[in-house]
Structures are given as C-alpha cells and as structure tokens.
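Reader: Could you walk me through this model? I'd like to begin with how the elements are defined and then go through the packing.

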Amino acid sequence: MTSIQAIRGTRDILPSEIGNWQMIESVARQILGCAAYQEIRTPIFEQTSLFERGIGEATDVVGKEMYTFNDRGDRSLTLRPEGTAGVVRSYIEHGLHAQGGVQRLWYTGAMFRYERPQAGRQRQFHQLGVELLGSSDGRADAEVIAIATQILQTIGLKDLSLHLNSIGDASDRQHYREALVAYLTPFKEQLDPDSQTRLTRNPLRILDSKDANTQAILGNAPSILEYLSPASQTRFDALLALLADLGISSTLNSRLVRGLDYYTHTVFEIQSADLGAQATVCAGGRYDGLIPQLGGPETPAIGWAMGLERLVILLQHLQASPPSSVDFYVVSRGEAAEAQALKLAQSLRQAGFKTELDLSRSAFGKQFKRADRSGATACLILGDAEAESKTVQLKWLNSGEQSAIAQADLLANPQQLRQQLTQRST
RNA sequence: GCGAGCGUAGCCAAGUGGUUAAGGCAGAGGAUUGUGAUUCCUCCAUUCGUGGGUUCGAUCCCCAUCGUUCGCCCCA
C-alpha cells in the first residue's frame with residue numbers, strides 16, 4: 001500500500017466496535033461517581049523529567065519505551081506512558097493536598113509506549129485508572145480494589161483472578177533484595193541470560209521470570225513476606241481480612257512485583273486466563289513515596305489502572321458489540337415529499353426518536369430494502385400523494401402493517417409513539 | 001531491541017513459474033418507474049503490501065522494505 005495508513009501500534013476504533021468502549025466508560029463513570037471519585041484530565045505530554053523521576057530511571061518504561069522529543073523551544077517532552085505521574089504532578093501543582101482530607105480521582109485516556117505491538121499491546125493504548133491520595137489506611141487499599149472488582153464484574157467479565165502481594169516499605173525491600181541476591185548468586189550461571197543481568201540491576205524482577213529453570217531455582221528462594229517489618233506485616237494482614245470480609249477472593253502471590261519503582265506495600269494484579277501473554281487487565285498498588293519524590297508533601301496514596309483494549313478483547317470473546325438500530329427510517333420520493341420528509345425527520349429527532357433519512361432518491365423498492373437492513377422498527381413513507389395531502393404512511397417493519405396519518409398528528413402524543421415503538425421492536 | 005509465521009477486492013477467501021487471477025459476503029444497477037422475502041440477470045482486482053533481483057515469462061522463486069500476527073523482553 002502506498003496510501004497513508006495508521007501508525008504502527010495504533011488502531012482505529014470503528015463504529016462497529018465502539019459499543020463496548022462506551023459501555024465500559026459509562027459503567028466506570030457510574031460506579032466511580034457512586035464512590036465519590038472525581039474525574040481529572042491531565043495533558044497527554046509532560047516534561048520528560050516527570051516520568052524519569054516518578055517512574056524510575058532504571059525501569060524499561062523510562063529506559064526504552066518512552067516517546068520523547070524536543071519541542072521548538074528545545075524542551076524535552078514525553079508522551080505519557082502511564083497516568084499516575086501526571087495526576088500526581090497536577091495534585092502537587094494545584095495544591096489539592098491543601099484541600100484537606102483525601103482526594104479520590106479517576107482518569108481515562110490514551111497512553112504511549114514504544115514497544116513491539118503484540119496481542120493486547122499497542123503503542124497507543126487506553127487506560128482507565130483511579131488514585132486515592134492522602135490515606136495510608138488499609139481500608140483505602142480495600143476500597144480501591146473493591147471498586148476495580150466491581151467495575152470488571154459489572155461490565156460482564158468473569159474468570160478473573162486477583163493476585164495480591166506486599167512488597168513492604170523501602171527498608172523491608174532493601175533487606176529482602178540483599179537476601180535474594182545472596183541466595184541467587186551461587187546459581188548465577190544457571191539463570192536465564194535476562195535474569196543474570198537483572199541480578200545486579202533489578203533483582204526483584206527475577207521473581208516473575210518466565211524461564212522454567214529460573215523458576216525452579218526460585219523454588220527455595222526467600223519470600224518477601226518473610227522480610228516484612230512487624231508494622232508492614234500487620235498492615236498486610238489487615239488488608240487481607242478486609243478483603244475477605246468484602247467477599248473478594250484473592251490469591252497471595254509472593255512473586256508478584258511491579259515494574260515501576262514507586263510501589264510500596266500493597267501491589268496487585270487482576271488477570272484473565274483468556275488473553276495470551278498479556279494476561280493482566282488491571283494492576284496497581286500503593287505508592288507512599290512518590291509524592292514527596294516529586295516535590296510534594298509526604299502523602300500516602302494508592303491507585304490502579306486498567307488496560308481498556310484488553311477489556312474490549314475479553315468482551316469480544318463474550319459477544320459482539322451490540323448493533324445500534326434506529327426507530328424510524330424515512331423514505332421519500334418527489335421534490336415536495338423529500339422536503340417534507342426532512343422536516344418530519346428533524347422534528348422526530350428533536351422529540352428524541354432515533355431517525356434516519358434516506359438520501360438516495362432511488363426507487364422506493366431500494367429505499368425499503370435499506371430500511372429493512374437498517375434494523376429500523378418503523379418506516380415512514382412520503383410520496384407525491386402524501387405530500388399533497390400532508391400525510392405520511394407509517395409502516396411497522398416486522399408486521400408489515402401500514403396506515404396513513406396526518407403529518408401534524410405523528411408527534412401529537414410522543415409517549416404513546418414511544419410505547420408503540422417499544423412494543424413493535426423485537 | 002530479539003525470534004517465528006503471514007500479507008490476493010470493503011470483508012472472508014481459492015489459486016498456479018506461462019497470462020482472461022476461482023468462489024462467497026457486502027455494494028451498485030436492472031427484472032419490479034409507490035413497498036422490504038426469495039429468485040434471476042449485469043457490474044464490482046489490467047492485478048496479488050511496496051521496491052528490486054532471477055527468468056523468455058512471476059501473484060507464485062530470491063533479497064530488501066513496510067505492515068500484521070504470535071512469542072521473548074517489558075507491561076495495562
């Protein structure tokens with residue numbers, strides 16, 4: 001193809017598949033509204049240093065996946081690879097912490113990572129996420145997880161599993177890191193090549209290596225849970241009890257570590273077995289250290305993000321996006337009738353009826369065929385005779401019944417018309 | 001960034017080193033100049049992602065490139 005096509009790793013969401021997207025957004029909006037979360041919209045690009053400092057210079061996301069460029073003023077900018085950093089920047093910049101108490105925020109939008117496209121992974125993708133800032137209470141962790149679960153359930157997904165872990169505070173993690181390195185170093189030569197380099201750069205990441213041999217070696221490795229301080233341990237136990245009390249089942253996974261540097265204590269993922277290699281549909285955790293690190297006041301916080309493309313893929317496995325059908329399909333023929341048809345269609349729309357006007361000027365037979373295919377409940381017919389008498393033929397498409405009615409009377413009783421439509425549509 | 005598979009119309013597809021590139025769906029027109037089923041007829045790829053090479057000749061073989069799919073890395 002020499003014609004212009006969408007950039008690699010980007011996708012058009014076409015009208016035929018938009019239904020699931022809109023459904024997810026409206027479900028999330030409704031649930032988050034009920035939980036008193038407020039939407040926040042932050043810019044799609046930010047100073048590069050925000051992500052370098054927030055996400056961590058050593059992470060792959062920052063190291064090799066960012067869309068970074070210099071603008072005409074020679075500032076280094078980056079298309080956001082995730083949502084939390086921007087929200088936190090905004091929180092600090094506008095002093096939202098000074099408004100007292102906790103802030104419950106949510107966002108949705110496009111994110112960008114320069115990666116090789118694959119099932120459930122694109123370069124431009126969409127996330128929906130929440131951030132609960134200003135509380136270190138275990139109930140905050142439980143609330144946020146419960147909301148994620150509720151959203152996923154309400155949009156109709158099943159067979160999801162919640163994986164949960166605590167990675168403690170910075171000092172817990174430091175002690176554990178040393179213990180893990182001490183355990184793995186004797187096996188260094190037997191580890192897969194990636195894990196060998198991670199041994200010095202980011203040893204915790206070895207835990208979720210997919211290499212079978214590495215996993216076998218990890219069988220006897222120390223667990224992070226043994227290195228939690230008493231306070232961290234108490235905190236985690238409390239969260240487990242709260243979740244159990246909410247009826248949310250979870251799997252404890254001491255190998256679960258997250259890719260971004262800012263996480264502390266609670267980390268979790270919600271996975272589907274139905275997505276191939278990209279199984280995680282929602283992931284998040286607590287990030288008590290991030291806000292001070294970005295220049296804000298000491299503020300504990302927790303959040304998560306869902307990958308919307310992945311949700312849509314799962315929904316498509318369940319059922320096709322529901323087709324939209326119209327109430328009235330208006331066919332007309334002849335100059336006067338066409339003009340009246342346009343007016344009639346417009347008044348139906350103003351009254352809230354979904355109305356499609358045939359613009360083809362082709363034979364009535366063709367227009368009826370299109371009416372049929374549009375899935376319309378009823379067809380309105382205007383020809384020379386109707387134009388003359390200011391009437392319209394109203395035809396119910398699934399029964400074929402047809403009757404004439406004065407144009408002026410069609411909307412005389414909109415409630416009744418709506419009722420008829422509901423009855424006659426199958 | 002690495003590895004493997006694939007690229008024929010809007011969609012799904014068959015196909016072969018030789019020349020008019022099956023079929024189906026969708027679409028357009030007509031049989032039916034005011035009534036949607038069905039049926040029937042006609043039309044809808046000078047071209048097989050793109051560029052180059054081998055060849056008397058390439059959609060088919062080779063190379064490159066782009067895209068895509070799956071996996072690795074990593075992540076939502």
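Author: Helices here are DSSP runs of H or I with at least four residues, strands are runs of E with at least two, and both are numbered from the N terminus. Please keep in mind that this is a predicted model. With that numbering, Ile 155 is found in the loop between helix 5 and strand 7 (160-166).

Reader: Is Ile 155 buried or exposed?

Author: Ile 155 has a relative accessible area of 5%, which is under 20%, so it counts as buried.

Reader: And which residues is Ile 155 in contact with, leaving aside its neighbours within four places in sequence?

Author: With those neighbours left out, Ile 155 is in contact with Met 23, Ile 24, Val 27, Leu 311 and Leu 315.

Reader: Then let's look at helix 1 and helix 11; at what angle do they pack?

Author: Helix 1 (residues 18-34) and helix 11 (residues 308-318) pack at an angle of about 120°, and their axes are 10 Å apart. The crossing of these two helices is right-handed. On the helix 1 side the contact is made by Asn 20, Trp 21, Met 23 and Ile 24, while helix 11 contributes Leu 308, Glu 309, Leu 311, Val 312, Leu 315 and Gln 316. Sorted by class, the residues of this contact are seven nonpolar, two polar and one charged.

Reader: What about helix 1 and helix 5, at what angle do they pack?

Author: Helix 1 and helix 5 (residues 138-154) pack at an angle of about 145°, with 10 Å between their axes, and this crossing is right-handed. Val 27, Ala 28, Ile 31 and Leu 32 of helix 1 make the contact with Ile 147, Gln 150, Ile 151 and Thr 154 of helix 5. By class, six of the residues in that contact are nonpolar and two are polar, with no charged ones.

Reader: Changing topic, which residues does the UniProt annotation "binding site" cover?

Author: According to the UniProt record, an unreviewed entry, the "binding site" annotation covers Glu 82, Gly 83, Thr 84, Arg 113, Gln 127, Glu 131, Arg 258, Tyr 262 and Tyr 263. Of these, Arg 258, Tyr 262 and Tyr 263 are included in the lining of the second largest pocket.

Reader: Where is Arg 258, and what is it in contact with?

Author: Arg 258 lies in the loop between strand 8 (251-252) and strand 9 (264-272). Leaving aside neighbours within four places in sequence, Arg 258 is in contact with Arg 205, Tyr 263, Val 267, Phe 268, Glu 269, Ala 283 and Gly 284.

Reader: And Thr 84, where is its place?

Author: Thr 84 belongs to helix 4 (residues 84-93), and it is buried because its relative accessible area of 7% is under 20%. Beyond its neighbours within four places in sequence, Thr 84 is in contact with Tyr 107, Glu 131, Tyr 262, Tyr 287 and Leu 290.

Reader: How many residues of helix 4 are buried?

Author: Nine of its ten residues are buried, and helix 4 is mostly covered. Among the elements covering those buried residues are strand 2 (45-47), helix 2 (48-55), strand 5 (103-112), strand 6 (124-133) and helix 10 (290-293).

Reader: Which residue follows helix 4?

Author: Helix 4 is followed by Gly 95, and the phi of Gly 95 is positive, near 60°.

Definitions and conventions: Residues numbered from 1 in each chain as written. Chains lettered and ligands numbered in written order. Predicted model: local features only at pLDDT ≥ 70, side-chain atom pairs only at ≥ 80, totals over all residues. Heavy atoms only, no water. Axes fitted to C-alpha atoms, helices over the stretch in contact; angles between N-to-C directions. Left-handed = near helix turned anticlockwise from the far one by under 90°. Contact = heavy atoms within 4.5 Å. Nonpolar A, V, L, I, M, F, W, Y, C, P; charged D, E, K, R; others polar. UniProt positions renumbered as here; feature names shortened; annotations may be inferred. 1 Å grid on protein atoms, 1.4 Å probe; cavity = no way out; pocket = protein on both sides within 12 Å on 5 of 7 lines; lining within 4 Å. Buried < 20%, exposed > 50% of the residue type's maximum accessible area, 1.4 Å probe, protein only.
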